[in-house]
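Here is a short briefing to read with the model open beside you.

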Amino acid sequence: MKKLLLAGVLTMAISSIDASATITVKLPANSGLDSISYFHAPIQKLATAKSRAERGIVEGKVPVVNNAATITLNPADGASRVGINFSENDYINFYSNPEEEIVAEVTSLSPFDYNLSGSPFIDGMNEVEALSKPLIEKQKAMMAAGEPKQEDMMALYNEFTQAVKDYVEENLTSPNAVYAIMQLRDEDFIDNFERLSERAKTSIVYPLAEAQYKAIKESLEIEKKQQEMANGTTPAPAFTLKDLEGKDVSLSDFKGKWVILDFWGSWCIWCIKGFPELKEAYAKYKDKLEVIGIDCNETEEAWKAGVAKYELPWVNVYCPKGNPLFEQYGIQGFPTKAIIDPEGIIKNITTGHDPEFFTKLDELIAK
């Protein structure tokens, strides 16, 4: 009898270990879809990956039969992020544990709408997602009335942030709080993450939130350093890089002139969008200004092709991977532009494509 009982327990244990997560996708009648594309990736790999290849992303396609499709995940992957794609703008993203049976019911393909169910985490995720729905409707109404003002869009974002913070406050000891915190930014994220209880940390997405915490902390520290560098008294870090002919170019070569350092890459859309304004500034101040384009994160061949394609008339140099220049200038996004005065002092650092950069340049050179 004991042997039978033991065998039964072992069978149950093995079944539990081998049990896979099953996602059932239900579609409206006459959807016209004969298959559905999806991807999934282990949360642990996503949290620690240093490159796309390390994320463990698996992509696939399943057939639609009787307006339904079934996606099965490998139990060995553990908790996973799952994405189901219907079009470029229509998709469902969620997280699942092994053994769970998640149902994604698409109630409408146009306009796209769906319901998720099947686990306590999904229930909590639905609660958080519901916080944004009235704000999305407000945004749609604003868009229909014309291009919304930036301050109105910021007010909507602040309203959403406050709603999430209120939710976290009410659910601080619940695993649901972790997913909510992941919707916050910068100091709001840091402040609330550091208040999580041990029970909340059992959430399946905690490894992702922890990685997000480390990344935001690092980003804020770099931002602080960058702000301190641009206080108007900090000497610009020196460097020597190779130009298109392979000759050494040093920042010190341009002492006595204003200098713009433009950290860019031909892969960066916003870098390219900023070239016309940068060319105008270069032409306007050419007698007292030099621009040094510092290409980053691509091959030398791609860099040279980009310089030729966009007809960049200034000094162009190549920054190889691993160069300490990134850290020295606090680079955390592209494009990044720095204004350096004739004495070699940093006067401004701007991340992203911002027309205000050129207003600041005019003000500095006019002094």
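Two strands count as paired when DSSP finds at least two bridges between them. Strands themselves (E, at least two residues) and helices (H or I, at least four) are DSSP runs, numbered from the N terminus. This is a predicted model, in which local features need pLDDT of at least 70 and side-chain atom pairs count only at pLDDT 80 or more, while totals for chains, interfaces and linings use all residues. Residues are numbered from 1 along each chain as its sequence is written, and side-chain values use heavy atoms, with hydrogens and water left out.

**The open sheet**
- Four strands line up as β3-β2-β5-β6 in an open sheet with antiparallel pairing.
- At the edges stand β3 (58–63) and β6 (91–96); each has a single partner strand, so one side of each is left without a neighbour in the sheet.
- Strand β2 (residues 35–42) pairs with β3 in the antiparallel sense over 6 bridges, and S37 has K61 in β3 as its bridge partner.

**The nonpolar cores**
- A nonpolar core here is a set of buried Ala, Val, Leu, Ile, Met, Phe, Trp, Tyr and Cys residues joined through side-chain atoms within 4.5 Å; buried means under 20% relative accessible area, exposed over 50%, and partly exposed in between (1.4 Å probe, protein chains only).
- The largest core has 56 residues, and V25, I84 and F94 touch the most other members.
- Helix α7 (residues 206–229) gives the largest share of this core, 6 residues.
- A second, separate core of 23 residues includes W258, C268, F275 and I365.
- Contact means heavy atoms within 4.5 Å; beyond its neighbours within four places in sequence, I84 has contacts including I23, V25, Y38 and F94.

**I102 in strand β7**
- I102 lies in strand β7 (residues 101–109) and is buried, at a relative accessible area of 0%.
- Among the residues that I102 touches, leaving out those up to four places away in sequence, are T22, F94, L116 and I122.

**Helix α7**
- The 24 residues of α7 should span 34 Å at 1.5 Å a residue, and its end C-alpha atoms are 34 Å apart, which agrees; the expected span is 1.5 Å times one less than the number of residues.
- Buried residues in α7 include Y206, L208, Y213 and M229.

**Strands around β13**
- Strand β9 (residues 240–243) pairs with strand β13 (residues 315–318) in the antiparallel sense over 2 bridges.
- Strand β12 (residues 289–295) runs parallel to β13, joined by 4 bridges.
- Y318 in β13 is the bridge partner of K242 and also stands opposite D295.
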